[in-house]
Amino acid sequence: MELNLAELNRTQYPIPAELQNNVAITSLSKIYNWGRRNSMWPMLFGLACCAIEMIATASSRFDFSRFGMEVMRATPRQSDLMIVSGTVTKKMVVPIVRLYNQMPEPKYVLAMGACASGGGPFKEGYNVVSGIDKYLPVDVYVPGCPPTPQALLYGLIALQKKIDGQSIITSDDVPWYGVGPSDPTPIPILGPDIIDPRQMDMIRRQAEQAARGGTFAVRELPAVAKTAAALPAQKAAPAAAAAAPAAGTMTPEEERRAAALARKAARAAKSAGEAAPAAAPTAAAPLPGGSKPWEESHDIREQRKAAALARKAARASKSEG
Amino acid sequence: MVLTAPDPNKVGTIEDAIADLKAAFPNDVSDDKREGYGGVIVSADKLLEVASYIRDTLKFDYLSSATAVDYLGEGHHSNDHMEMVYHAYRTTGGSALVFKAQTDREKAELPSLVSVWRGADFQEREAWDLFGIRFKGHPNLKRILMWEGFYGHPMRKDWKEAFYESEHKPFDSRWPEGHVYRAEELNVFGSNVKYPSDIDLSRLTDKSESDLYTGFGLGVDMTHMTDENGIQTDELVVNMGPHHPSTHGVFRMVMRLDGETITHLEPVMGYLHRNHEKIGERNTYLHNIPFTDRLDYISSMGNNHGYVLAVEQLLAKGAKYTPPTYRTEVLRVLMVELSRIVNHLWAIGFWLNDLGAFFTPVLYFVQERERILDFFEAVAGSRMMCNYMRFGGVFADLPERIKSTMNLMNDRVRDFDTMQFLQEMINERIPRTIDELDEYLTNSDIVQSRSKGVGYLSAEDAINFSAAGPLLRGSGVAYDIRRADPYSIYPELDFDVAVQHEGDMYARYMVRLIEMRESVRILKQILPRLEYTKGESVTSSFAYSGKIPLGEAYGRVENGKGELGYYVVSAGDKKNTANPWRYHVRAPSFINLTPLGHMCRGTKVADVVAILGSIDIVLGETDR
């Protein structure tokens, strides 16, 4: 892409008129991002149906090399962008995480299509991961089944815009400008079912519970939802406030439905009631103990955001001291 | 060609064959008398003898499909049991001899038919993996789609997945109440997982890889292996895939190499196993049509066709059934033949990628494909996932005008008259592309020297391995379902079955090339029929039919990649067969991989990718 100096030149410093086409003064982030955004090399890596549309996007009619993406690399070590083009299965997510870990930073993930974004039509399948964001941080989601080449191009342009907004002076929004290497994503284990190593503690707790004679509560309802399920499923009632004991007369189907309704109501009440950051436990007050395994954050983006916030706080206190 | 055609005086109809079979095995073969079912039930301990008799004496030499059904619960005619269903055909043509063997659910075991038809190999492994039926005498009974160590056999009716809601769709959470929530909100782990309650956390190691290598003879004693010069060597195990640019998706091959020569090759699949069949059993019959699009995503129209044919067979068992109108059939053939051209262009293009002509030929083929896709988009609403056919009809008639580009470079999208567009495409553009391809590639020295004599599969082996499509016809077996077991309006159309006798990669390439020409020939006959039937209805009152009569059906079509079959069972509750009891896809890409190891033995590593390319697989269909 041609370098537009006038566009790049964002400074108060006056440049003489005769030099304006030859000299630009800009920030390091800007010139660095300009280089990066226009040479995003995707990994040559297709999973399913979407890969065919990805190839169509690469070919002459749509041609994403216009955006600096013409070189598709078959090795993760030379690629900047992983286009997750298709259904991610449990069997395949293990190699995908390995590939992601082998990509050099800065690296980006684009979830192409409904399956990669959230499981898509195959979500209920026993071998299907409901979206690659369960394991990897996704930068851009492109909806569609499969997305048209135009949609994929739009997603790629959105990614370029995202890169434009990133700054190399702070490691808060992107992990790779911090000091030292960032942590690799733990590789899932193919056991009796797929095991996310980040959930090991939870599985252990559940197994201990089962060993003590309790239920191995894969399908058990969250306590909040359960108490709410006992309430008559009225949309108006702000749920979970009055805790009635579970009646046990409903079928599991009905219970789940009521529970979902109650949770919805609780969420609505929460967002309407308080705008403060959700640090304190919310509507789940009647819960004993306060351990809510189903609300534990496994989203890597949440974790990263929390880590960035903590770092920021530490820096602030340091500079004060 | 070594095949001897059976004497027509000796080989009779299916009824004769069944009578013959019952006479030969009076105590072990009986008619399947369930409502809507056909074929015979063979007692399990005589299955091997009966199968040999069917193959050798009755000349049903081609085992098309072998699949399992789990009959559990009320409403069936007998006790709970597992059943293997086999469809055998004669390569000289004709309809299927269906035979079944039943076994107990708890101790499910049947004799393996791999010694009779090697094409049963992967299909039996699949039945073991998904249904837990053990096959006595199977040489390599490992899981094939899921990994070793997975908990349970997921296609059993009593196995519930983590996101299980209820047996039938639409789920209550969607309709009529419509309280939509995310399934993972109700799962403790927040994702699509389910562990056995007695999970042993102390021994939680990933054994899926080490189990894969059993039978590979790793750790070879080097002292026993010396080459002709007396140099001690060792064999090397090399993995290719699941992430590899030449495996056409997430396919994996594990090879044992002696130098650069392959001594053993095993395909490993399941990396795109997205539970098509399990989901299909919860869906209504109609729901499954868009899912079939995603099987062989290059030619979704052909996938639709096979499935609607199967369900139409079931519908025909009911009292009030009218077959599709003539225009419907014309439209279906139009779409399917265009898909076949797209499929073969794509197959040849990617095969050339594997031979080293990296992406240049593909770019030329994609040009033509884009125009066909524009047509599909205008008619069905989507470029790839057309979801076009319905039971007894199609989704919509052709529009008056369509939007497309004439020239992919520097051209706007223009508005065309549909018939004019089709005429130009079929009479000029597609033949021109095929001629261009032919001119540049067929006589190319590089293509010929790389592909002639490589990846050989003899006619007997091709039949025995249940190979289908260009793989079978490239080995000299003129078996095309459009001619051998005709459906739709193919009997009245004039075309030849493409066949080559060399059995190598070049022969398969030639079969595809000739077949595209034959498709154009068919399309040219379709055009006047389109004009002639203008105004005729293309929808049917059965299109959105909720109730399907009881019974079984096997609908099969000649798809671009080979024989695509759908085995659909409507059973269980007599009042409510809104969703199929069993929905099985006989996937050509999956079964065509059975001879891959056989074809690759003794070739060089560099040829393996090209041999795989010449089979032409698509992973959505291989793994389903």
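**View 1. Chain B and its contacts.** In chain B, residues 24 or more positions apart make up 69% of the contacts with a separation of 6 or more. A contact means heavy atoms within 4.5 Å. The model is predicted: local features need pLDDT of at least 70, side-chain atom pairs count only at pLDDT 80 or more, and totals for chains, interfaces and linings use all residues. Residues are numbered from 1 along each chain as its sequence is written, chains are lettered from A and ligands numbered from 1 in the order in which they are written, and side-chain values use heavy atoms, with hydrogens and water left out.

**View 2. The build of chain B.** Chain B holds 19 helices and 17 strands. These are DSSP runs, numbered from the N terminus: helices are H or I with at least four residues, strands are E with at least two. Of its 624 residues, 63% count as buried. Buried means under 20% relative accessible area, exposed means over 50%, and partly exposed lies in between (1.4 Å probe, protein chains only). The C-alpha atoms of chain B fill a box of roughly 70 × 65 × 65 Å along the principal axes.

**View 3. Arg182(B) in its loop.** Arg182(B) sits in the loop between β7 (134-136) and α4 (208-212) of chain B. Arg182(B) is partly exposed, at 48% relative accessible area. Phe163(B) is 19 residues away from Arg182(B) in sequence, and 9.5 Å away in space, C-alpha to C-alpha.

**View 4. Helix α2 of chain A.** Chain A has 10 helices and 5 strands. Helix α2 of chain A spans residues 28-37, and its buried residues are Ser29(A), Asn33(A), Arg36(A) and Arg37(A). Seen down the axis of α2(A), the buried residues fall within an arc of 90°, so they line one face of the helix. The arc is that of the directions from the helix axis to the C-beta atoms. Their cover includes β2 (108-112) and α6 (149-164) of chain A.

**View 5. A nonpolar patch on chain A.** Tyr13(A), Leu19(A), Val23(A) and Ile25(A) form a nonpolar surface patch, with about 330 Å² of accessible area together. Patch residues have over 30% relative accessible area and no salt bridge; like charges are joined within 9 Å, nonpolar side chains (Val, Leu, Ile, Met, Phe, Trp, Tyr) within 5 Å. A salt bridge is a side-chain nitrogen of Lys or Arg within 4 Å of a carboxyl oxygen of Asp or Glu. Accessible areas come from the Shrake-Rupley method with a 1.4 Å probe; for residues, only the protein chains shown count as cover. Leu19(A) lies in the loop between α1 (5-8) and α2 of chain A. Leu19(A) is partly exposed, at 35% relative accessible area.
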